[in-house]
Structure formats: C-alpha cells, structure tokens
Amino acid sequence: MDEGLPIAYEVLEKDVPVYASGGELVGTVDHVVAAEDEDIFHGIVVKAGGGQHFVPAEMVASLHERGVDLS
C-alpha cells in the first residue's frame, strides 16, 4: 500500500487510516494531541470500534500523508 510521503504531526489530517505493526487497519485518526507551542507530539486519538482511543507518541512508528503506522 502506498501511504505517501512522511509528514510531521502538524499536518496529519483527520480520517487518515491507522495501521497496526502487522499492517492491519485498526482505525482512523480523530485528532493529534500535542503541545504545539513547545513542539511536543504526545500522540494521536484513533477512532476505532465505535469509540476513541489514545495512542501515545512512543507507539507511533511513522506518519505519512495517507497512513499512520504503529509499533
């Protein structure tokens, strides 16, 4: 699958697919959690299974235009 170019958290868009480390789709991005004034990325909130789940930055392997990969 082509996830596009790597990007910074500041430009990650809502509804981008989120993939587990094995490549399976686990949900979509709801929003980024960050302290932008301090340039600190805390993680993302993922829509999955009818709810929202926080994924800390340590579990985000990479951000791309059309996909987020978790570790």
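Trainee: Which residue takes a positive phi in the hairpin of S2 and S3?
Mentor: Asp39 does, with a phi near 55 degrees. That hairpin has four residues between the strands. Keep in mind that this is a predicted model.

Trainee: And which residue takes a positive phi in the hairpin of S3 and S4?
Mentor: Gly49, with phi near 60 degrees. Two residues lie between the strands there.

Trainee: What makes S2 and S3 a pair?
Mentor: Pairing needs at least two bridges between the strands. S2 and S3 have seven, in the antiparallel sense, so they count as paired. Within this pair, His31 stands opposite Val45 in S3.

Trainee: How do you know that S3 and S4 pair?
Mentor: Use the cut-off of at least two bridges again. Val46 has His53 in S4 as its bridge partner.

Trainee: Where do these strands sit in the sheet order?
Mentor: The order is S4-S3-S2-S1-S6-S5, in an open sheet of six strands with mixed pairing.

Trainee: Why are S4 and S5 called edge strands?
Mentor: Strand S4 (51–56) and strand S5 (60–64) each have a single partner strand, so one side of each has no neighbour in the sheet.

Trainee: Why is the contact of Asp30 and Lys14 called a salt bridge?
Mentor: The test is a Lys or Arg side-chain nitrogen within 4 Å of an Asp or Glu carboxyl oxygen. For Asp30 and Lys14 the N to O distance is 3.9 Å, so the pair passes. Asp30 lies in strand S2 (residues 25–35) and Lys14 in the segment before strand S1 (17–19), 16 residues apart.

Trainee: Are these two partners buried or exposed?
Mentor: Buried means under 20% relative accessible area. Asp30 has 14%, so Asp30 is buried. Exposed means over 50%. Lys14 has 51%, so Lys14 is exposed.

Trainee: What makes Lys47 and Asp15 a salt bridge?
Mentor: Their closest N and O atoms are 2.5 Å apart, and the cut-off is within 4 Å, so they qualify. Lys47 lies in strand S3 (residues 40–48) and Asp15 in the segment before S1, so the pair ties together parts 32 residues apart in sequence.

Trainee: Why are Lys47 and Asp15 called partly exposed?
Mentor: That label sits between the 20% and 50% limits. Lys47 has 28% and Asp15 has 44%, so both labels hold.

Trainee: How many salt bridges does the structure hold?
Mentor: Four. One of them joins Glu65 and Arg66, at 3.6 Å from N to O. Asp2, Glu65 and Arg66 are linked in a network of salt bridges.

Trainee: How do you know that Tyr9 is buried?
Mentor: The limit is under 20%. Tyr9 has 10% relative accessibility, so Tyr9 counts as buried. Tyr9 lies in the segment before S1.

Trainee: What does Tyr9 touch beyond residues up to four places away in sequence?
Mentor: Val32, Ala34, Glu36, Asp39, Ile40, Phe41 and Leu63. So Asp39 from our opening question is one of the contacts, by the rule of heavy atoms within 4.5 Å.

Technical notes
Residues are numbered from 1 along each chain as its sequence is written. This is a predicted model: local features need pLDDT of at least 70, side-chain atom pairs count only at pLDDT 80 or more; totals for chains, interfaces and linings use all residues. Side-chain values use heavy atoms; hydrogens and water are left out. Buried means under 20% relative accessible area, exposed over 50%, partly exposed in between (1.4 Å probe, protein chains only).
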